[in-house]
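Trainee: I am new to this structure. Please take me through one part of it closely, and then show me what lies around that part.

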Amino acid sequence: MGKYQEEALILANEGVADTTWRLVLECPRIAAEARPGQFVMLQIREGTDPLLRRPFSFHRIHPERAVFEILYRVVGRGTWWLSQTRQGSRVSVVGPLGNAFRPPDRPGPVAVVGGGIGVAPLYELLHQLAKPSAFFGGAVDIHFFYGTRTAAEMLPESTFSELNLPVHRSTDDGTAGFCGTVVDLFRRVLEKDRWRPAVIYACGSLPMQFAVAQWALSRGTPAQLSLESLMACGLGACLGCALPAPDPKAPNADRYVHVCKDGPIFEAGSIRWNKMQPPPVTPPTFVCV
Amino acid sequence: MGKYQEEALILANEGVADTTWRLVLECPRIAAEARPGQFVMLQIREGTDPLLRRPFSFHRIHPERAVFEILYRVVGRGTWWLSQTRQGSRVSVVGPLGNAFRPPDRPGPVAVVGGGIGVAPLYELLHQLAKPSAFFGGAVDIHFFYGTRTAAEMLPESTFSELNLPVHRSTDDGTAGFCGTVVDLFRRVLEKDRWRPAVIYACGSLPMQFAVAQWALSRGTPAQLSLESLMACGLGACLGCALPAPDPKAPNADRYVHVCKDGPIFEAGSIRWNKMQPPPVTPPTFVCV
Amino acid sequence: MEQDAAAAGHATDLRVRLGPLTLANPVMVASGTFGYGEEYADFVDLTRLGAVVVKGISLEPRAGNPPPRIVETPSGMINAIGLENVGIDKFLEEKLPALQSRRVPVIVNILGNTADQYVELASRLDGIAGIAALELNISCPNVKEGGMAFGADPAMAGHLVEKVRRATRLPLITKLTPNVTSIAAVAKAVEAAGTDIVSCINTVSALAVDAFSRRPKLANLVGGLSGPAIKPIALRCVYETVQSVRCPVIGIGGIASAVDAMEFLLVGARAIQVGTANFVRPTATMEILEGIERVLRFLGLSRIEDYIGTLDAECRFPFAEEACRF
Amino acid sequence: MEQDAAAAGHATDLRVRLGPLTLANPVMVASGTFGYGEEYADFVDLTRLGAVVVKGISLEPRAGNPPPRIVETPSGMINAIGLENVGIDKFLEEKLPALQSRRVPVIVNILGNTADQYVELASRLDGIAGIAALELNISCPNVKEGGMAFGADPAMAGHLVEKVRRATRLPLITKLTPNVTSIAAVAKAVEAAGTDIVSCINTVSALAVDAFSRRPKLANLVGGLSGPAIKPIALRCVYETVQSVRCPVIGIGGIASAVDAMEFLLVGARAIQVGTANFVRPTATMEILEGIERVLRFLGLSRIEDYIGTLDAECRFPFAEEACRF
Ligand SMILES: Cc1cc2nc3c(=O)[nH]c(=O)nc-3n(C[C@H](O)[C@H](O)[C@H](O)COP(=O)(O)OP(=O)(O)OC[C@H]3O[C@@H](n4cnc5c(N)ncnc54)[C@H](O)[C@@H]3O)c2cc1C
Ligand SMILES: Cc1cc2nc3c(=O)[nH]c(=O)nc-3n(C[C@H](O)[C@H](O)[C@H](O)COP(=O)(O)OP(=O)(O)OC[C@H]3O[C@@H](n4cnc5c(N)ncnc54)[C@H](O)[C@@H]3O)c2cc1C
Ligand SMILES: Cc1cc2nc3c(=O)[nH]c(=O)nc-3n(C[C@H](O)[C@H](O)[C@H](O)COP(=O)(O)O)c2cc1C
Ligand SMILES: Cc1cc2nc3c(=O)[nH]c(=O)nc-3n(C[C@H](O)[C@H](O)[C@H](O)COP(=O)(O)O)c2cc1C
Ligand code: FES
Ligand code: FES
């Protein structure tokens, strides 16, 4: 399995929900080897502003069409300019990078928990989980939990209809589905329906992933989380994308894992949560100053 | 007469000859006050690359339609990206800046000499000269000399047909019109047809303008040249756009004029040519590295 | 950009005090990037600026360096203007009156080849109405004599400031160069010598050449780098300076937006100067001024003084307590 | 980019001599931006590089700084990795063999907190096959001890180099920091102390903060600025260094294209290192290598040695003679 630098052709780049865009790229070599949970480093535009590539997970992979998709939220200058790029242009892509979601290693129901734009990598995962034998080697009982801040940010229901699985929805403001966070919803459904996931997959904001991790750790449930970090290279070279990790031999010593090569998929227990720092939140109004 | 910072709407941006593009901008306040020979500072795109605005002369002014045009050659990163900008987007424009061509101050035939992209500001000048009473206050006997390196770089003949005036063409390689530089052509025509321009207007490469200036100075013919310089502000504030100028009181002392406020239109005699330095020529192959 | 924000602006108190100098707001323009003010009158309501710092003035007029004088670099530009200026006489006769009539505080940036020239400039400007302060340029990298020579050595800088201090009662700003091993050392020296205020940074010494013609891109060879590229360097210099002196500090370097300006205030600058950004957007200062009010309102602050210097350099771990249970 | 240019490449002689070190071509990668080489094997034919400079190695493994460790800035980035590395033992066991098998010259960048640690590193690396040279990192702005402390003072830098010089027969490169008043003074000191080669620059000390959360953007607060933003500063430093020492100089800082690389060679660098550009385009070094050949061919040169240091700093006025007639 190699890594490639390809000039991908933009087949589509369109808004699919509030501040949320879907980019469809023709990019044969990367599409051929991509696995769910992995990511690419995308150069937003020519020139030195922005300088660094931006990491985005595979949202959907169609190796047979030499195509993959990413789903992105406009949060800053890079993603803003990306949203302005038109169909027919090319963008430089490096990938596939990082590890992938591992298939569930024990039988039983699977919970997939996505918060906000965290739904991006979970969508391909759901496809592979739902496809008999592709990823897991059998039909899996999948429960999908999907929360956003408000209904307008939510992907339309039709996005998930082909998956044919129960979608539990929440919004922080109650404009769609359960009113509360997706973790509240997850806890509530489990309590009510009295089942326990054998494996959890999750992606979302850091506080959300923390909550999922705490739930999983306290019950000994394996949880695979897709984590983020600021990245420069995506290749394990710059050592910029460090996250604090427990060192079993020396619990108080500093030790770091690197999101781009040890991740982005981490077991809940392989992160030292008490040393994690969420990124500063810049208000969207000032995003394009 | 004020100066304005306007977000202009791109009505058209299209190739009109080899490496030569025409940009049509809806930009009401600037179009209303623009005069031939003046220029605008155009911000190529959002962000810090390129950082500085780029200066471009008015190629055509249509105040009645709130529109002006610029004609530009792709010579570097800025003009390359400008050529990639699509109709319907907006660009930030500051103008109108600098002085304008002055009407001929003596009767007699007028020679207008354009080399390469130097034709840009001369086109509007020709329109105003040809329009009775607008610029000169009477019909003028205009002779237009227009040279490029090769035929492919030349604006199509139709561009000038509405002007209804003699166009003398040259190309360095002889692929169209006279074979030689436009100054060679100018000298040749004058010799052959035995007339002398009362006033000369010229724009083109520095060596070409130098040749015109020498010709004019040696014969005492007033010549208005549109000169260039690297610019940061275009407003007379940074003092970056200096050109060496003669100081009648102290011929060997350094003295500078500033293209953006004392120019871009200069009398041939107001420049100290023996201290002029043409910009380095970067080969076009490497232009977009 | 919400229009109403600007309109409702008076609710926010933007006044800043810099020792003896009080400004209506912290947004000034940097010397050499705004001419003598008049050049920007079509784009900027000059009366709304905290102050206008004029192009560096010397005793005699200066022609400046031969062209090319400027070159663009990634997110920046290098200039080697060579301090072209009209000289103090013409400045007082022609340029100052126009600015005074605009009723905006004027800060005069001065430069000499020798200490005596600085002193003479300072004493000549001392009594004059409409001048709010002097800014001592001891940090220009584009001239052979004076300029950076004074600013690069703490002892020489201190010595110069001491002399100038005695020659004027005007508030004295000393402008520092980043091209030193320790900007804190220079800042301490000029503070001890009696400067009221320190401003930093001037441009970063830089070079550009043309690989094809094999010639320098500036006739002067070396010039000064400015613009967004140097913002992170400027911010570090301002932070180090604020940590090392008690006198107020003015932040300069690559400021192009309200958020940039706030970053300098956050690390402790009590005012800022906008330089190269004026070239890119002639209206930059007005946008920055309005943006600062907007950010303050967003943060729930009604006085800019409550924001200045409030950088929280501690690392905090929001999950620490809960996560320790596992 | 014409494909045939690369194919016909062998016509151009790209070999460069740097004192005791001869390289097949002047294109190296900068320490800390290319891991231990293996990370880029999918994008770069490592055997085609002039040399690989590996991530800075210390005696003991280092965990590095807490995150966030990097932040983007205009045309640049700041890093505060804190010299995370596997330590010399693991480097020799695991990383070096993989690189040796690639048959590319390896330059080991070393760092200690004390002079003794540098000496020990140098002597341990002395006898080892496949190591072409040592690069002494006395210029890292992101660690509390050692690093820049040595590089900022000519005397201390000289002292350190002297000690290390005695500990190894390997060609010795000393890597300089731009964060000094005079890089020439440091360069002269390390040359006198016996370094074979000088490389410059390391990153520029810089700071970034978040105006809204009011916190630093790097856990380490201060970090090192790299990338295109610093190219004009690096070029000036390299020029000053070349002018002040006789030993060969390696140019580093913001090189992202063949034209950038040529600019450094033009002012006299005998080789260059590509750093941050590797992050932006993993294939950058290969593109630069091919581009250099193309530019040389365009200029009609068949040997890169004929280009190095040929900057023509004189002002020439092509119209001078003719124009004087008027
Ligand atoms: C492995 C991985 C996969 C990702 N997948 C997706 C995805 O599928 N869809 C999606 O919308 N986003 C994804 N992200 C986040 C995405 O990379 C950032 O939102 C994007 O880089 C922001 O760029 P910007 O220029 O718009 O923002 P900036 O203006 O640079 O910053 C705005 C905000 O985004 C954060 N940010 C900036 N750069 C990064 C970065 N490199 N990594 C993480 N956060 C950053 C900043 O901290 C800041 O809060 C992923 C991140 C990682 C690490
Ligand atoms: C008053 C004035 C009017 C002009 N009118 C026109 C016009 O109507 N049409 C047109 O095509 N060009 C015009 N130019 C030239 C035009 O501004 C430059 O070609 C353009 O700025 C190059 O930008 P770039 O980013 O593509 O080139 P860069 O990559 O920046 O440089 C490529 C080449 O262009 C030269 N150049 C770069 N910036 C400038 C600048 N600000 N001024 C002059 N040369 C520069 C460089 O020296 C270099 O040789 C005018 C220049 C001036 C000063
Ligand atoms: C074209 C130009 C001319 C300048 N002239 C002066 C000057 O005369 N005196 C001075 O102290 N600083 C001068 N400077 C430095 C600026 O005032 C400012 O310190 C520097 O540009 C950094 O700020 P910026 O990045 O916002 O431009 C000049 C800068 C530029 C770009
Ligand atoms: C992420 C990162 C890590 C670095 N680590 C080292 C290092 O370990 N040792 C060293 O001497 N320089 C280190 N550097 C500095 C680079 O080698 C180089 O000097 C600097 O980045 C300037 O070059 P550039 O602008 O091409 O990146 C590092 C730079 C970066 C960006
Ligand atoms: S992003 Fe460079 S090591 Fe992970
Ligand atoms: S471009 Fe700034 S003074 Fe002319």
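Mentor: Start with two terms. Buried means under 20% relative accessible area, exposed means over 50%, and partly exposed lies in between, with a 1.4 Å probe and protein chains only. Helices (H or I, at least four residues) and strands (E, at least two) are DSSP runs, numbered from the N terminus.

The ground rules come next. This is a predicted model, where local features need pLDDT of at least 70, side-chain atom pairs count only at pLDDT 80 or more, and totals for chains, interfaces and linings use all residues. Residues are numbered from 1 along each chain as its sequence is written, chains are lettered from A and ligands numbered from 1 in the order in which they are written, and side-chain values use heavy atoms, with hydrogens and water left out.

Now look at strand S7 of chain D, residues 106–110. It is mostly covered: five of its five residues are buried. In a regular strand the side chains alternate between the two faces of the sheet. Here, Val106(D), Val108(D) and Ile110(D) are on one side. Ile107(D) and Asn109(D) are on the other. Both faces are covered.

S7(D) has partners. Two strands pair if DSSP finds at least two bridges between them. Strand S4 of chain D, residues 51–53, runs parallel to S7(D), and two bridges join them. Val52(D) has Val106(D) as its bridge partner in S7(D). Strand S8 of chain D, residues 131–137, also runs parallel to S7(D), with five bridges. There, Glu135(D) stands opposite Asn109(D). From S7(D) the chain crosses through helix H3 (residues 115–126) to S8(D), and this β-α-β crossover is right-handed. Right-handed means that, with the strands pointing away from the viewer, the path from the first strand over the helix to the second runs clockwise.

Next, Ser75(D). It sits in the loop between strand S5 (70–73) and strand S6 (76–79) of chain D. Ser75(D) counts as buried because its relative accessibility is 1%. Contact means heavy atoms within 4.5 Å. Leaving aside neighbours within four places in sequence, Ser75(D) is in contact with residues including Thr48(A), Thr48(B), Pro74(C) and Ser226(D). A polar contact is a pair of N or O atoms within 3.5 Å; within protein, one must be able to donate a hydrogen and the other to accept it, and residues adjacent in sequence count only if both atoms are side-chain atoms. The side chain of Ser75(D) makes one of 2.7 Å with the side chain of Thr48(A). Another, of 2.4 Å, joins the side chains of Ser75(D) and Ser75(C).
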